[in-house]
Structure formats: C-alpha cells, structure tokens
Amino acid sequence: MAGASQGLLTAGNRRGSRYEINSATRDPAWIKWLVLGLSLSFFVLFLLVPLIAVFVEALRKGWDAYVAAIIEPDALAAIRLTLIAAGIAVPLNLVFGVSAAWAIAKFDFPGKHFLITLIDLPFSVSPVVAGLIYVLVFGSHGWFGPWLSEYDIKIIFAVPGIVLATIFVTFPFIARELIPLMQTQGRDEEEAAIVLGASGWQTFWHVTLPNIKWALIYGVILCNARAMGEFGAVSVVSGHIRGETNTMPLHVEILYNEYQFTAAFAVASLLALLALVTLAIKTYVEWRASREPNEVFEE
Amino acid sequence: MASSLARPPNVLPGFGLSLGFALTYLSLIVLIPLSAVFIKTASLSFDGFWSAVASPRVVASYRISFGMSLLAAAINAVFGLMLSWSLVRYSFPGRRIVDALIDLPFAMPTAVAGIALTALYSQNGWIGQYLEPLGIKIAFTPLGVLVALIFIGLPFVVRTVQPVLQDLDTDIEEAAATLGANRLQTFMRVVLPTLTPAILTGFALAFARAVGEYGSVIFIAGNIPMVSEITPLLIITKLEQYDYAGATAIAAVMLTVSFILLLIINALQAWTNRRSGREA
C-alpha cells in the first residue's frame, strides 16, 4: 500500500490527447486499440463486474427483502459495532498522525527515517497476524490473560479487541499522508507565527491546520473506509457472537455461510456504497488540493 | 544573522509532547504486540517450531500463497502497465471514471469482494457458467485464489507507474524518433527502462499485499487442504484448534517474509525516485 496513495493527484489531467497530436509520441492506431481494448476488458472483468454484481445480487429478491435484511436486529447491531470501532480508531489514529507528522516534519532528530519505516509497518503485516498478536497479548493464554480474567476484563472475543485490531490495520493511513506534505512545507510559516507572538496551539490551528486540511481529510476517509471494512484482523479477535461482536463484514460472512445470499449481499451493498462514497470524496479532495498552491500532495 | 551558516535554534514548541505521544502509541499498538510473536516463537523447541512451519500441509499452503501471489502480481504488472498507459496517453470516454474506480480494491472491504467474485466465478455464476462447458473451474480451485489476488492487487502497479509516466518528458521520445527509432524500439529502449523501477515497486507492493490477504480469498478458494488452502487461513485454523504455538510459528515465518519485502520495497521506491528524477 505504501506509495500507492502517492501521486494520485496528478491522475486526472487532460493531457490524454497531447501525446496523440505529437507524432513522436503517437502510437500506431492498431496498438492504441489493442492496448485500450485489453486494459479496459481487464478493468471491466476484474473491477466493474464484481462491483455491479454486489448490487444486482442484493436486489435479486426485491426492495422489501433488501430492506428487511438491513433492518434485522443482528444487522443493525453489526452496523452499530462497525460505527463504534471506526469512531474510536479513526480519531485516535488522527491524533497520532498529526503528532507524528509534527515531530518528524518540524524537528530534526536521529532515527527519523527508521521511525517512518516503523509507522508503515502495519501495512505489510497480514491482517490475520494483526489479529493474532492481540490474542497473544490479551487472550486467555496470553501475557495478560490470567490478570485480565482475575479482574473479569474481556478484551479478546469482545469489543475492545475489535477496536484494537481496527486501530492496528488503519494505523499508518493518516500519518503517511501528513508526513511527506508537512516535510515539503517546512517550518517557516510556523516560525514566523511564533516569533510574532502566537502560542503553540494558535500556530497549529491558524497556520498549520489550514495548510494540511485536504491531506488530513484524504487520510481520514481512507482510514475510515479500511476501519469499517476490515475483515481478517477483526475476524481473529471477534469470537463471532451474533448481535454482540459481529461487525458488518463479519455479519456478511455469517449470512453467506448460512446460504442467505441475498441478505449477505444486501449488507455487503452498504459497504460497497461506502467504498463508492469514499472514492467520490477522494476524487473531490484530489481535485480541490490540486488547486491550492500550498498543498502539494506529491512527495 | 540570516547569513549565519549554523541553523538558528528551532523556536517551535511541542517536540517532546508530539514525539513522546507518537512513540508511546506506536509501541503500545504496534511494536510490543508484534514482538509477542517472536518472543512466543523463541520459547518453542526447534523441533516444535520446525514441525509447525514445515509440515506437508503448511508447505503446500506456502506454495499456494506465494505461487499465486507471484502470478497475480505478474498479471497485474502487465495489465497495470497497459492500464496506466491507456489512462495517461489516450483520451477515451469515461477515462476519469475508470481512473477513479481503479482504487476500488483499496476502498472495498475484502469480504465484499470475496463474495462478489465467488458469485461471478462459481459454476452457475455470471462468468463461471460460460467457463464450465470449456472445462475451466475457477471458484473452489487454486485459480479462484488467483482471481481474488488479482482483484486486490490491481491498483498497486497502476498507481506507481501512472505518476512516473505522467512526469516523463516527451523530449527523449522525440529524440528517439528523430534518430530514426520506430515506436516499438522507442518504447522498449527508452520508455520501458524509465518505468522499470516503478513497475517493480508496484509488483512488490501487490505481491506483499497478496501474500497476507485473507478476506477476499477464503470465500472463493474452497479452502481444500493441500490444494487451495492459503497460509493466513492455516493460522486461523490452528488458533481455532487452540494450537497457539503452531499458529504463532507460522505467523513468525510470515512476518519475517513481510519485513524482507518491506526492505525490498523501500529500496525499490528509492530507486524509482532516483530514476525518475524526483526527490526521495
């Protein structure tokens, strides 16, 4: 995932035809149609058709069955838990992302590059391993297991475990959007504010925040999409107790394994809608940020 | 004072607070829990470790996980290059929508992708029903694993190649054309070498993501031991059998592979930035 979110802002340019006007960069027509045909078929087959399939399968038994699958109590409980997990994980990772970016971008200290690598670490860990590590720490056979059971605190197979696993898998999202941007912006503006007598918090709210707001929103929506959609890590720590420790993706799995396909796709379609809304906001933010002189998204 | 060679002292506040919080949070959420895998693994005897990570069923799962991840990343490298070429070089109706939707696998929950792909590629599915008479079975075979891994890895190569292609100066292509190179020669000898680091970075990112992938695969794979069972699923299977030592040993192997991949990806990204003349 590292790097994949970089440079997206330059994606939507209007230069497509510029290359075709210049004879030195123009491909022969048959190559153009071959490459376009193959790449767009690949896109349709592997991306577009699966997306459409979710909505078609969800509405297969009509609108009433669709609504019934969503307002059913277990589904509502799953929606609630998903909102709780994302509602805790995203703000915590936001505070972390801003603190880490402030320390890394505005100050010089040894080990900075190593710290950036460590922040990226959760991206390269399998979601299943991300769940497992909390079982090893907080599970009944884990480091704190005996102590937790003595005080009757449940973390694994309960909501806190789900929140922890969600925080882990979404850990780097906001930090890695802010760090390169704030490094590019440097600290001149903040220094000017401090020298002119502003307090640290005033400087942050009135100088730094306006400069990073689009990157911040960008990081938050990507973080939120992953937080609400995470499956593997949450699956390990959830215990799959219906109506209690099932998030929306886990509820989809249970319905699917019980052959309630239409209901499974109905709940899945809400998550697919969330993905589409996320992409729409992301595209808008990229467009806005590309118009702001201060905010250069690219590294 | 402005001409002083030494940097003036940093007047900004909050260094201790922000770095202190970041390091504490990083340690509590990521570093200490991750270390549990290695500490627990270190407590195993060598025979216990070896029998957990090298039993035939586990080795078969490595073959599926790593083999299919390599194949999926390779397919994504080829089609990702073509897709980014189409998005940058050609104008066609719906280009912006295609461009925005490329990131769908990042935004779409893996479980949703998994059930959608299964519905498409099962015997009587939208696509599967046309492949069935040809004798091709995708769902519940290793090919199903491949399809899911292609889906989740699709954006990586596009998103690493596209910006490099966009920043690529057309001067060198014009020079090549002036010197009499045909389009194929220009592409192979001038354009492709510039894109190679970005393609390899995207390939490595897609591979790293695919090796650990769980949600989209388990629905379509059928999870037949020795045939279509992936390594992350084995960790879960062992956990459900209360075999914590076995699950942790396999996790240690996967984590080690992830760390090595992370180092390779960092090196590739540095190479990409150097090759395309960007700042690191």
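Where is the place of Leu28(B)? Leu28(B) lies in helix H1 of chain B. The model discussed here is predicted.

## A nonpolar surface patch

Leu28(B) is exposed, because its relative accessible area of 56% is over the 50% cut-off. Leu28(B) belongs to a nonpolar patch on the surface. Helix H1 of chain B, residues 15-42, gives the most to the patch, with 3 residues.

## The interface between chains A and B

The size of an interface is often given as the accessible area lost when the parts come together. Here, about 9,600 Å² is buried between chain B and chain A. Carbon and sulfur atoms give 74% of that area. On the chain B side, Leu12(B), Tyr90(B) and Trp126(B) lose the most area to chain A. Together they account for 7% of what that side buries.

Contacts link 102 residues of chain B with 110 residues of chain A. The two chains share 2 salt bridges. A salt bridge joins the side chains of Asp27(A) and Arg183(B), at 2.8 Å from N to O.

## Helix H10 of chain A

Helix H10(A) spans residues 188-195. Its buried residues are Glu190(A), Glu191(A), Ala193(A) and Ile194(A). They sit on the same side of H10(A), because they cover an arc of only 160° around the axis. On the other side, Asp188(A) and Val195(A) are exposed.

The cover over the buried residues includes helix H4 (73-106) and helix H11 (200-229) of chain A. Just after H10(A), Gly197(A) adopts a positive phi of about 105°.

How values were computed:
Residues numbered from 1 in each chain as written. Chains lettered and ligands numbered in written order. Predicted model: local features only at pLDDT ≥ 70, side-chain atom pairs only at ≥ 80, totals over all residues. Heavy atoms only, no water. Buried < 20%, exposed > 50% of the residue type's maximum accessible area, 1.4 Å probe, protein only. Helix = DSSP H or I, 4+ residues; strand = E, 2+ residues; numbered from the N terminus. Arc of directions from axis to C-beta. Contact = heavy atoms within 4.5 Å. Patch = residues over 30% accessible without salt bridge, like charges linked within 9 Å, V, L, I, M, F, W, Y side chains within 5 Å. Areas by Shrake-Rupley, 256 points an atom, 1.4 Å probe, with all protein chains shown as cover. Salt bridge = Lys/Arg side-chain N within 4 Å of Asp/Glu carboxyl O. Buried area = accessible area lost by both parts, 1.4 Å probe.
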